[in-house]
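Hi everyone, thanks for coming. Let me put the model up so that we can walk through it together.

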Amino acid sequence: MPHVGALDSVEGRTHPAPMLSIRPATIRDARALFEWRNDPVTRAMSRNTRPVEWPAHRAWLAVALERDDIRLLVIERDGEPVATARFDLGD
């Protein structure tokens, strides 16, 4: 699991930056991914701006996690999920 950490300087003092980690998404991430997908700002920047219903999201995620051409990642800060990234692989 990759980690990103650095030192932040605030008012001349050095503080450890939060530890970031990146991991593959799992079905256990379904609720967080669902809430992020339906966030108004996320929807405004999406191709499909309509809210997604829970059953459709759960079904999509189950299929997406099995596909070889999609990489769905979860970024965590200090062990807590804070973001997601999706890569669609293809020619």
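This is a predicted model: local features need pLDDT of at least 70, side-chain atom pairs count only at pLDDT 80 or more; totals for chains, interfaces and linings use all residues.

Residues are numbered from 1 along each chain as its sequence is written, and side-chain values use heavy atoms, with hydrogens and water left out.

Salt bridges, then. I call it a salt bridge when a side-chain nitrogen of Lys or Arg is within 4 Å of a carboxyl oxygen of Asp or Glu, and by this rule there are four. In one of them, glutamate 76 pairs with arginine 23, with the closest N and O atoms 2.9 Å apart. That pair links distant parts of the chain: glutamate 76 sits in strand β5 (residues 70-77) and arginine 23 in strand β4 (residues 20-24), 53 residues apart. Strands here are DSSP runs of E, at least two residues, and helices are runs of H or I, at least four, numbered from the N terminus. Both glutamate 76 and arginine 23 are buried, where buried means under 20% relative accessible area, exposed over 50%, and partly exposed in between (1.4 Å probe, protein chains only). A network of salt bridges links Arg23, Asp29 and Glu76.

Arginine 67 and aspartate 69 also meet in a salt bridge, at 2.6 Å from N to O. Arginine 67 counts as partly exposed because its relative accessibility is 38%, and aspartate 69 does so at 29%.

Next, the core. A nonpolar core is a set of buried Ala, Val, Leu, Ile, Met, Phe, Trp, Tyr and Cys residues joined through side-chain atoms within 4.5 Å. The largest has six residues: Ala25, Ala30, Leu33, Leu61, Leu72 and Val74. Helix α1 and strand β5 each supply at least two residues of this core.

And finally, where is the largest pocket lined? A pocket is an open set of points on a 1 Å grid over the protein atoms alone, where a 1.4 Å probe fits, with protein on both sides within 12 Å along at least five of seven lines; lining residues have an atom within 4 Å of a point. The lining has 16 residues, with Arg37, Thr42, Ser46, Trp60 and Arg86 nearest the centre. Two or more lining residues come from each of α1 (30-37), α3 (54-66) and β6 (80-88), and β6 gives the most, with four.
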